[in-house]
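Here's a quick tour of one protein chain, from its overall fold down to a few side chains. Have a look at the structure first, then read on.

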Amino acid sequence: MRKSEGVVIFLIVGCEAGFWVLLVTGLATRYLLRARRLSNVLLVSVPMVDVVLLAASVVDLRSGAPASPAHGLAAIYIGVSLAFGHQMIRWADQRFAHRFAGGPAPVKAPRTGHAHAAYERGQWLRHLLAYIVAAAVLGVFTLLVGDVHRALKPWSVMAPWGLVLAIDFVISFSYTIAPRRRRGV
């Protein structure tokens, strides 16, 4: 592993940790300390983690570092964060509010029937959005490298992910054809 790859992987891990630290700190500030303004600042800063990772990756590539699969992982992180980040924040907020502020019980995803099928299709569409965003980020990285052949390594992460996306499609849309039924019915 090159030093540049290690730095990018370290940044990805650091950004993931930063995402959860900012999220939990923001929610704790909101529900435990009742400091709504500070909580809002912390929660609004959660997406800045993506900006930091994107900027660091761009700086790395612009400084002449060889493009690597680590840059592809950074693109995946950004895509998944943009597609699923708001949903993860809402999920954590519901649980925090319920546990620490007497809020209503968290809303669970539908487990059966047409509502479950619709939910699964929506989750697959989020997955597709994450894939498209990651591909767009990789496109930007390719432009920054300026040489398509040098920029092929980051794209190597997309083929296995494409296979996962296809499998997810089959599973998610199978519920449209054969919705889950309640047990005992």
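## Fold at a glance

Helices here are DSSP runs of H or I with at least four residues, numbered from the N terminus. With that in mind, this predicted model reads α-α-α-α-α-α-α along the sequence. That's seven helices and zero strands.

The C-alpha trace spans about 55 × 50 × 25 Å along its principal axes. Of the 185 residues, 36% are buried, and the chain exposes about 10,900 Å², with carbon and sulfur atoms supplying 70% of that area. Among contacts with a separation of 6 or more, 76% link residues 24 or more positions apart.

## The core

Which residues have the most contacts inside the largest nonpolar core? They're Leu 27, Leu 53 and Tyr 77, in a core of 35 residues. Helices α1 (3-31), α3 (48-62), α4, α5 and α7 (158-177) each put in at least two residues, and α4 gives the most, with 11.

Take Tyr 77: setting aside neighbours within four places in sequence, its contacts are Ile 12, Cys 15, Glu 16, Phe 19, Val 49, Asp 50 and Leu 53.

## A surface patch

Leu 73 sits in α4, which covers residues 69-101. Its relative accessibility is 40%, so Leu 73 counts as partly exposed. Together with Ile 9 and Val 13, Leu 73 forms a nonpolar surface patch with about 240 Å² of accessible area.

## Helix α5

Helix α5 runs over residues 113-145, 33 residues in all. From first C-alpha to last, α5 reaches 48 Å, close to the 48 Å expected at 1.5 Å a residue. Next comes Gly 146, with a positive phi near 80 degrees.

Key:
Residues numbered from 1 in each chain as written. Heavy atoms only, no water. Patch = residues over 30% accessible without salt bridge, like charges linked within 9 Å, V, L, I, M, F, W, Y side chains within 5 Å. Areas by Shrake-Rupley, 256 points an atom, 1.4 Å probe, with all protein chains shown as cover. Salt bridge = Lys/Arg side-chain N within 4 Å of Asp/Glu carboxyl O. Buried < 20%, exposed > 50% of the residue type's maximum accessible area, 1.4 Å probe, protein only. Expected span 1.5 Å × (residues − 1). Core = buried A, V, L, I, M, F, W, Y, C linked by side-chain atoms within 4.5 Å. Contact = heavy atoms within 4.5 Å.
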